[in-house]
Amino acid sequence: KEIVLRWKQAFSVFCLSSDDQAELIYLLQEFAESDQGKPFTAIFSNVLHFFYEEDLLEEEAIFEWESDQKSLAGENLTILKSCAAFLQWLRSAESE
């Protein structure tokens, strides 16, 4: 969290559009799926939630990423499945 907060201004400059934000999620996912990032997989959902709470990710970008992941039905969906509770919470928060 401290690192993200320290770099929040830089993230916000480079992640202005929904496409940029989705790209950030893909980069985080790519790292989590690497050998070096395996421990990160377990907290991926928490990271997305934190970025969302810090206004670095918007619902649109997160749902775009989710939709893209679902279209890759034959691929490993471990990270997407780990985000199920967060995505459900986000949907319910959005509808309120």
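Me: How many helices and how many strands does the protein chain come to?
Reply: The secondary structure of this predicted model consists of eight helices and zero strands, where helices (H or I, at least four residues) and strands (E, at least two) are DSSP runs numbered from the N terminus. Residues are numbered from 1 along each chain as its sequence is written. Because the model is predicted, local features need pLDDT of at least 70 and side-chain atom pairs count only at pLDDT 80 or more, while totals for chains, interfaces and linings use all residues, and side-chain values use heavy atoms, with hydrogens and water left out.

Me: ok, and what does the pLDDT of the protein chain average?
Reply: The average is 83, and 77% of the residues score at least 70, pLDDT being the predictor's confidence in each residue, from 0 to 100.

Me: Which residues touch the most other members in the largest nonpolar core?
Reply: Those are F44, L48, I62 and W65, in a core of 23 residues; a nonpolar core is a set of buried Ala, Val, Leu, Ile, Met, Phe, Trp, Tyr and Cys residues joined through side-chain atoms within 4.5 Å. The elements giving two or more residues to this core are α3 (18-33), α5 (44-53), α6 (59-71), α7 (78-82) and α8 (84-95), and α5 gives the most, with six residues.

Me: And what is W65 in contact with?
Reply: Leaving aside neighbours within four places in sequence, W65 is in contact with I25, Y26, Q29, F44, L48, I79, L80 and C83, where contact means heavy atoms within 4.5 Å.

Me: At what angle do α3 and α5 pack?
Reply: They pack at about 155°, with their axes 11 Å apart; axes are lines fitted to C-alpha atoms, for helices over the stretch in contact, and angles run from 0 to 180 degrees between N-to-C directions. α3 and α5 are therefore roughly antiparallel to each other, given that angles under 35 degrees count as roughly parallel, over 145 as roughly antiparallel, 65 to 115 as roughly perpendicular and the rest as oblique. At this packing, L24, I25, L28, Q29 and A32 in α3 meet F44, V47, L48 and F51 in α5.

Me: How about α3 and α6, what angle there?
Reply: α3 and α6 pack at about 55°, with their axes 8 Å apart, and that makes α3 oblique to α6. Among the residues that meet are I25, Y26 and Q29 in α3, and I62 and W65 in α6.

Me: Switching topic: where is D55 found, and is D55 buried or exposed?
Reply: D55 is found in the loop between α5 and α6, and D55 is exposed, with a relative accessible area of 67%. Its phi is near 60°, a positive value in a residue other than glycine. Most residues other than glycine have a negative phi.

Conventions:
Buried < 20%, exposed > 50% of the residue type's maximum accessible area, 1.4 Å probe, protein only.
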